[in-house]
Amino acid sequence: MTDIAANLAAIRARIAEATARANRPAGSVTLVAVSKTNPAEAVVAALAAGQMVFGENRVQEAAGKFPPLRADWPGLRLHIIGGLQTNKARDAVRIADVIESLDRPKLAAALAEAMAKEGRRPDLLVQVNTGDEPQKAGIARAEAADFLRACREDWGLPVQGLMCIPPAGEDPRPHFGFLAELAARHALPVLSMGMSADFEAAIACGATHVRVGSAIFGSRA
Ligand SMILES: *Cc1c(COP(=O)(O)O)cnc(C)c1O
């Protein structure tokens with residue numbers, strides 16, 4: 001059995017150390033516990049250990065797990081972090097507090113329409129494909145500035161920051177650095193970067209949110 005409370009405590013301690021090493025204020029990094037593929041009982045164990053912010057990849061999976069927990073845990077915050085199909089935009093807007101995977105004009109239009117219909121405006125992060133990898137989600141580096149402008153000005157979307165997943169097997173730091181600079185240039189306060197294997201490097205580069213799954217919940221099947 002995975003000891004979720006102990007894993008959470010260890011990750012929190014490492015986040016605190018990395019934050020201090022970077023000369024950043026204590027508490028300036030939010031841990032997003034990525035609970036994808038794990039059952040609701042695992043989420044409840046994390047909630048009982050004081051973890052309030054969660055990330056899920058798939059809207060359908062999140063819709064099954066999270067809404068029933070909100071009555072008992074009103075402070076719960078759900079981030080959708082996986083690739084989002086336009087036909088899931090409305091469900092995502094209904095259940096999420098933050099959607100981290102805005103990455104293309106069609107999805108921006110779908111989210112704007114969904115927000116108008118639902119009367120709900122979750123915060124949005126634009127996902128940037130910092131490695132310009134053909135198979136990976138995210139707006140291309142060269143298109144990011146124009147896309148950010150269009151999201152905010154043309155669609156009136158509540159974009160609060162940026163998210164990235166650096167290429168596997170590469171030093172992630174240049175990617176984190178690129179994302180941090182892009183956020184600063186656009187006055188965006190939120191930087192979601194870093195996962196189980198590299199969250200300390202992300203904190204050194206300015207991450208405000210780290211998305212940690214397997215180091216808390218154990219390796220996924
Ligand atoms: C699964 C996932 C994570 C967490 O990955 P771990 O390596 O398990 O920490 C973070 N971000 C995204 C977008 C993910 O899909």
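Biologist: What covers the buried residues of α1?

Modeller: This is a predicted model, in which local features need pLDDT of at least 70, side-chain atom pairs count only at pLDDT 80 or more, and totals for chains, interfaces and linings use all residues. Residues are numbered from 1 along each chain as its sequence is written, and side-chain values use heavy atoms, with hydrogens and water left out. Helices (H or I, at least four residues) and strands (E, at least two) are DSSP runs, numbered from the N terminus; buried means under 20% relative accessible area, exposed over 50% and partly exposed in between, with a 1.4 Å probe and protein chains only. Counting contact as heavy atoms within 4.5 Å, the cover includes β1, α2 (40-48), α8, β9 (209-212) and α9 (214-217).

Biologist: Where around the axis do those buried residues sit?

Modeller: The buried residues of α1 are I4, L8, I11, I15, A18 and T19. The arc they cover, taken from the directions from the helix axis to the C-beta atoms, is only 100°, which puts them on the same side of α1.

Biologist: How far apart are the end C-alpha atoms of α7?

Modeller: The expected span of a helix is 1.5 Å times one less than its number of residues. Helix α7 (residues 173-185) has 13 residues, so it should span 18 Å, and the model agrees: its ends are apart by 18 Å.

Biologist: Which residue takes a positive phi just after α7?

Modeller: Within α7, the buried residues are H175, F176, F178, L179, A180, L182 and A183. Their cover includes β5 (123-129), α6 (144-154), β7 (159-163), β8 (190-192) and α8 (199-204). Just after the helix, a positive phi of about 55° belongs to A187.

Biologist: Which helix gives the largest share of the lining of the second largest pocket?

Modeller: A pocket is an open set of points on a 1 Å grid over the protein atoms alone, where a 1.4 Å probe fits and protein lies on both sides within 12 Å along at least five of seven lines; lining residues have an atom within 4 Å of a point. R12, I15, G27, V29 and L31 lie nearest the centre, among 14 lining residues. At least two lining residues come from each of α1 (4-21) and β1 (30-34). The largest share, 5 residues, is from α1.
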